[in-house]
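Subject: Structure handover

Hello,

Here is the structure I promised to pass on.

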Amino acid sequence: MRAQKEKPDTRIFIFKVTEWIGKTRGSPYRILAIPGDFTLYQFAEEITGSFDFCFDHPFGFYNHMTRYYDATESYELFFDDRDTCLECPSFTKGVKRIRVNKVFTETGKTMLFLFDYGDNWKFRIELLALEPVQHGKVYPLIVESAGKARSQYGDEEDDGEADEDF
C-alpha cells in the first residue's frame, strides 16, 4: 500500500467495500478513501490489504454482482498479461492502466471485486461519495473498519502448531 499526499485538485473516492459471504448485511466492511487517479490495480491492493489479505492472486472488477461471467463491464488482471489477454471477453479491459475515476463515474455505482479465482473471494464495492482532498491527510486511507474479516488461508491458530499427542 502506498501512502501519498495528493495534489489539491485530486478528488478522493469514498468506497464501502463489503466482504460478501452470500449476503452483505452483517458482513465485515471497510470504508476506504481512494485517490481518483489510482489505478484499479492499486485499488485492488488497498482492498486486499484492508482485509489483511496477501496480494498474491489474480482478480477482476465486474458489473454483475452474482455471476461475474455474465458481466458486460469487466476489468481483469488477466487482460494485462500478454499470455492470458486473449482469453478475456472482447469488452474486458486491464487494471494496470485504468483509473478509478474512469470506472466509478457516479456515486451509487456498485461492482463486484473478485479476488483469487480459486477461492472466489467476493467483495461488493459501492462508491459512496466524491470529496476534495483534505489538507494534511495522507491517502489512501481506511476511514472505517467494521467486523473481523475471515482469514484468507484458513484458521491461523492452527498454523505452526505441532500435534504433540502421537
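R67 is partly exposed, with a relative accessible area of 37%. Here, buried means under 20% relative accessible area, exposed means over 50%, and partly exposed lies in between (1.4 Å probe, protein chains only). D70 is also partly exposed, and its relative accessible area is 37%. These two side chains form a salt bridge, with the closest N and O atoms 2.7 Å apart. The rule for a salt bridge is a side-chain nitrogen of Lys or Arg within 4 Å of a carboxyl oxygen of Asp or Glu.

A word on the source. This is a predicted model, where local features need pLDDT of at least 70 and side-chain atom pairs count only at pLDDT 80 or more, while totals for chains, interfaces and linings use all residues. Residues are numbered from 1 along each chain as its sequence is written, and side-chain values use heavy atoms, with hydrogens and water left out.

**Other salt bridges**

How many salt bridges does the rule give? The count is three. K109 and E73 form one of them, at 3.0 Å from N to O. K109 is in the loop between helix 2 and strand 5, and E73 is in the loop between strand 3 and strand 4 (74-76). That pair links distant parts of the chain, 36 residues apart. K109 counts as buried, at 18% relative accessibility.

E126 and R124 also meet in a salt bridge, at 3.2 Å from N to O. E126 is partly exposed at 21% relative accessibility. R124 is partly exposed too, with a relative accessible area of 26%.

**Charges over rings**

K109 turns up again here. It lies over the face of F104, 5.8 Å from the ring centre. The charged end of K96 sits over the ring of Y41, at 5.4 Å from its centre. The test asks for NZ of Lys or CZ of Arg within 6 Å of the ring centre and within 35 degrees of the ring normal.

**Aromatic pairs**

The whole structure holds 20 aromatic pairs. Rings of Phe, Tyr and Trp (its six-membered ring) pair if their centres lie within 6.5 Å; planes under 30 degrees apart count as stacked, over 60 as edge-to-face, and the rest as tilted.

Why is the pair of F15 and F104 edge-to-face? The ring centres are 4.8 Å apart and the planes stand at 80°, so the pair falls in that class. F15 lies in strand 1 (residues 11-19) and F104 in the loop between helix 2 (100-103) and strand 5 (110-115), so the pair ties together parts that are 89 residues apart in sequence. Both F15 and F104 are buried.

F61 and F113 form a tilted pair, with 4.9 Å between centres and 40° between planes. F61 is in strand 3 (residues 59-62) and F113 is in strand 5, 52 residues apart, and the pair links distant parts of the chain. F61 is buried, at 0% relative accessibility. F113 is buried, at 0% relative accessibility.

**Overall layout**

The protein chain has two helices and seven strands. Helices (H or I, at least four residues) and strands (E, at least two) are DSSP runs, numbered from the N terminus. Their order from the N terminus is β-β-α-β-β-α-β-β-β.

Helix 1 (residues 40-50) is mostly covered, with nine of its eleven residues buried. Among them are L40, F43, I47 and S50. D52 follows helix 1 and has a positive phi, near 60°.

**Strand pairing**

Strand 1 and strand 6 (residues 121-132) pair in the antiparallel sense over nine bridges. Pairing needs at least two DSSP bridges between two strands. E19 stands opposite F123 in strand 6.

Strand 5 and strand 6 pair in the antiparallel sense over six bridges. L114 has K122 in strand 6 as its bridge partner. The two strands form a hairpin, with five residues between them. D116 in the turn has a positive phi of about 70°.

**Chain totals**

Of the 166 residues in the protein chain, 42% are buried. Among contacts (heavy atoms within 4.5 Å) with a separation of 6 or more, 61% join residues 24 or more positions apart. The chain exposes about 9,700 Å², and carbon and sulfur atoms supply 48% of it. Accessible areas come from the Shrake-Rupley method with a 1.4 Å probe; for residues, only the protein chains shown count as cover.

Best regards
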